[in-house]
Amino acid sequence: MYAEALEQEITLLQQENAQLKQQLVAFAQESSATITKLEQELQEARHFLQVVLNTVPQAIFWKDRDLQFLGCNERFAKDAGLKSSADIVGKSDFDLSWHEFADNYRQDDADVIASSIPKLDYEEQQARKDSRKVWLKTSKIPLCSSSAEVIGVFGFYEDITHQKITEDERDRFFDMSVDILCVASLDGYFQRINPAGEKILGYSQAELLNLSFMDLVHPEDQASTLAEMDKLSQGVRVFRFENRYICKDNSYRWLSWTSAIHDHYIYAVGRDITENKIAEAALRQQEAQYRSIFETVSDGISVMDLESGKIVAANPAFCQMHGYSQAEIFNLIPTDYIHPDCYQLFGEFLKTVNAGGVFHGEGIDIHKDGSYFDVEVTGKLFNYNGKPHILTLIRDISEQQAALRERQQAAAEQARLLAILEATPDFIGIADCSGNTLYYNQAWRQLKGINNVEEIKQQTISKNHPDWAIDIIFNQALPEAINKGIWRGETAILDKNGQEISVYQVILAHQSPNGEVEYLSTIVRDITEQKAALLQRQQMEAELIQKNQDLEHTLQELQSTQSHMIQAEKMSSLGQLVAGVAHEINNPVNFIHGNISHLEEHTRDLLNLINIYQQKNLVNDPELYDFISEIDLEYIQDDLPRILQSMQIGTQRIRQIVLSLRTFSRMDEAEFKAVDIHEGIDSTLMILQHRLKEQSERPAIQVIRDYASLPLVECYAGQLNQVFMNILANAIDALEEAILKNHYVVINPQIYIKTKVVNKNLISICIADNGIGMSAETQQKIFNPFFTTKPVGKGTGMGMSISYQIIAEKHGGQLECNSAPGKGTEFIIEIPVRH
């Protein structure tokens with residue numbers, strides 16, 4: 001009874017246990033499905049987050065408290081030289097290309113973690129895998145857990161290298177300018193000003209930044225300056241506005257401004273034109289003085305055009321003398337106012353003046369009313385409006401025929417002339433032939449402190465001039481004036497204190513009717529200020545020209561050096577890349593090539609085994625027979641050895657290419673080494689093989705090698721390979737251009753390479769093509785830096801210049817180019833065998 005109850009109980013428990021097992025299995029299946037779904041959703045969320053991070057233009061990373069990387073986006077992985085963002089996990093900054101900056105980066109990370117304060121938008125440098133250094137704008141913030149505990153650091157940055165370069169170039173231009181470059185706020189205060197502004201105005205940068213520019217403007221110029229400011233506020237640019245600025249030494253400088261408003265700031269360029277203003281004022285004064293003399297002198301003065309013979313300028317005395325108005329004078333020709341009896345004399349006048357001489361003579365002119373009057377004529381060549389003209393001085397001497405009227409007119413003329421002489425600011429004097437002074441005008445008397453006639457008579461030419469000027473006057477001026485009637489030149493006079501004054505002097509020798517010199521007169525003008533201004537201007541112009549030449553020369557050298565360095569860096573990087581690729585390919589290719597022979601042997605054994613097996617079992621096994629027919633075993637047995645042979649040929653070809661790449665990649669070898677020149681040429685041709693092959697638009701380019709037996713040559717192998725590459729690539733370009741542009745029909749494009757031994761220490765390498773050739777003008781410029789005949793963007797113009805430097809400077813050799821249009825181009829390289 002008890003056993004039966006126990007058995008029932010056990011049965012019941014077994015049933016309940018079975019139900020529990022079923023429920024447990026169902027729960028496990030449901031849990032497994034839920035976990036799988038959650039894992040899938042988590043994986044999708046992680047993938048979506050990584051996609052978002054990779055889409056952001058900034059580089060993003062995050063680290064743990066030990067400053068080990070936990071993750072990054074693809075942009076950051078690329079900058080770090082990694083294949084993917086997953087490779088960053090577990091690395092530190094010391095493991096990456098910027099390890100030289102690792103201490104700085106980790107200190108910033110530690111500060112952010114320790115302080116829990118973000119460090120935002122600061123600039124720092126980063127080294128890339130290709131050795132470039134770039135500028136970054138970086139931000140780092142503490143990475144916190146859900147419980148607000150700092151568990152690491154989260155950072156991101158953007159590359160601002162281009163912006164930094166632009167800012168540096170702008171600042172360099174700003175500092176180099178000789179003009180004032182400044183930025184001012186709309187309230188008139190300087191925000192920035194270049195060193196030229198400090199130099200011109202005499203204030204320091206700090207002083208100028210505390211000044212309103214209106215405080216420096218001359219009071220008379222402030223109204224016009226404010227008017228220009230009003231134009232600026234309306235968006236109108238200001239060009240060549242001139243005003244005066246006070247300098248720190250209380251002097252004023254004239255400045256010419258060009259300015260505009262941008263982003264609520266005034267940007268302005270100011271050029272110092274003070275010296276120009278001074279020179280202009282002096283020229284205007286001088287012109288006014290000459291015009292005054294021209295208008296007031298009693299003699300008739302005219303300017304005649306050499307080509308047309310017409311008068312283009314005449315003073316009132318000349319017009320009055322002939323009875324015409326000025327407008328009428330301009331329409332006359334010489335035969336209208338010259339007496340026919342004087343035509344021959346007029347011809348002598350033209351001949352003398354055209355020969356550069358000064359003509360003096362007497363003739364007869366015709367008045368408008370038909371009457372005649374006697375004239376004394378002086379003429380010489382004169383530069384007027386940039387063209388040669390004849391300057392004529394005419395004096396009416398007809399009244400000399402009547403003695404009384406002559407004396408009256410002479411007295412009146414003398415009085416009028418004396419009034420002019422007394423009024424003129426120039427120094428005018430008259431002396432006899434012995435050098436004794438007869439007359440000084442008021443200006444000269446004041447200069448010498450003379451008050452009466454007796455003191456004038458005590459003056460001599462020797463007392464009025466310094467020794468060096470006396471030498472000029474007695475040995476040059478007086479003989480020429482006596483011979484030609486007039487002398488002009490620069491001398492000097494002495495004032496009452498013995499101080500020397502630079503002057504421009506005219507000496508006239510006045511002759512009697514019989515041709516004897518009666519007395520001498522002189523007109524002297526003080527040119528001290530003009531000479532000082534001219535000398536200063538000449539010195540400034542000379543200095544400016546020299547500075548411009550120095551800057552142009554420096555700029556050319558910088559451009560050449562920069563391009564050379566960039567090209568050298570590119571070729572070095574290419575060499576390293578080629579060497580790396582060759583090394584990486586070489587090992588697996590050698591492995592494959594070394595095992596193909598074993599594979600071929602094993603395959604042969606297997607095929608023999610299959611043949612034996614077929615002979616013994618094919619008849620007894622229909623299923624095997626059907627399978628052999630299905631896979632076409634006979635074809636496989638025939639084709640498999642050919643496949644292995646093709647693989648062996650392919651790997652051998654790859655090994656040859658790798659060897660050529662390794663030979664060409666000697667770019668970073670810094671020492672002379674004895675190398676086989678032919679290996680360098682062949683490796684270069686191997687690299688260019690893809691360009692030599694037949695193309696859809698042209699046939700294959702045939703390379704003809706004519707190699708002599710050369711000794712090993714000491715050279716920079718990588719640099720010499722660069723020369724071969726430049727010349728061969730240009731030859732291929734020339735052949736393609738000849739074919740594609742129909743400049744020159746090339747049926748069989750060829751490159752001919754010949755080497756020979758010139759002497760025991762000199763070899764020659766000739767590389768020629770049968771392309772379009774080049775003109776003599778192009779040939780003269782072929783080795784100039786930045787010269788290229790290729791389209792924009794295709795050539796830098798530095799290849800042949802660098803090649804010439806490598807051969808001539810680095811190897812002490814020669815690089816020559818021989819070419820003619822339509823006859824191809826030949827480059828000849830000669831380098832020493834030993835150095």
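**Notebook: strands and neighbours**

I started with strand S14 (residues 372–384), which pairs with S15 in the antiparallel sense over 10 bridges. For my own bookkeeping, helices (H or I, at least four residues) and strands (E, at least two) are DSSP runs, numbered from the N terminus. I call two strands paired if DSSP finds at least two bridges between them.

This is a predicted model, in which local features need pLDDT of at least 70 and side-chain atom pairs count only at pLDDT 80 or more, while totals for chains, interfaces and linings use all residues. Residues are numbered from 1 along each chain as its sequence is written, and side-chain values use heavy atoms, with hydrogens and water left out.

Serine 302 has threonine 392 of S15 as its bridge partner.

**The five-stranded sheet**

Next I traced an open sheet of five strands with mixed pairing, in the order S22-S24-S25-S27-S26. Which strands stand at the edges? They are S22 (702–706) and S26 (814–819); each has a single partner strand, so one side of each is left without a neighbour in the sheet. Neighbouring strands here are turned by 15° against each other on average, direction ignored. For such angles, axes are lines fitted to C-alpha atoms, for helices over the stretch in contact, and angles run from 0 to 180 degrees between N-to-C directions.

Inside the sheet I followed S24 (residues 750–759) and S25 (residues 762–769), which run antiparallel and are joined by eight bridges. Tyrosine 752 has alanine 768 in S25 as its bridge partner.

I also looked for helices on this sheet. Helix H21 (residues 677–687) packs on it, touching S22, S24 and S25 (contact means heavy atoms within 4.5 Å), and its direction makes about 170° with that of S24. Helix H25 (residues 799–810) packs there too, touching S26 and S27 (825–832), at about 135° to the direction of S26.

**Valine 238**

Last, I looked up valine 238 in strand S8 (residues 238–246). Is this residue buried or exposed? Valine 238 is buried, at a relative accessible area of 2% (buried means under 20%, exposed over 50%, partly exposed in between, with a 1.4 Å probe and protein chains only). Leaving out residues up to four places away in sequence, valine 238 touches Glu228, Leu232, Trp257, Thr258 and Ser259. The C-alpha atoms of valine 238 and glutamate 228 are separated by 7.0 Å, with the two residues 10 apart along the chain.
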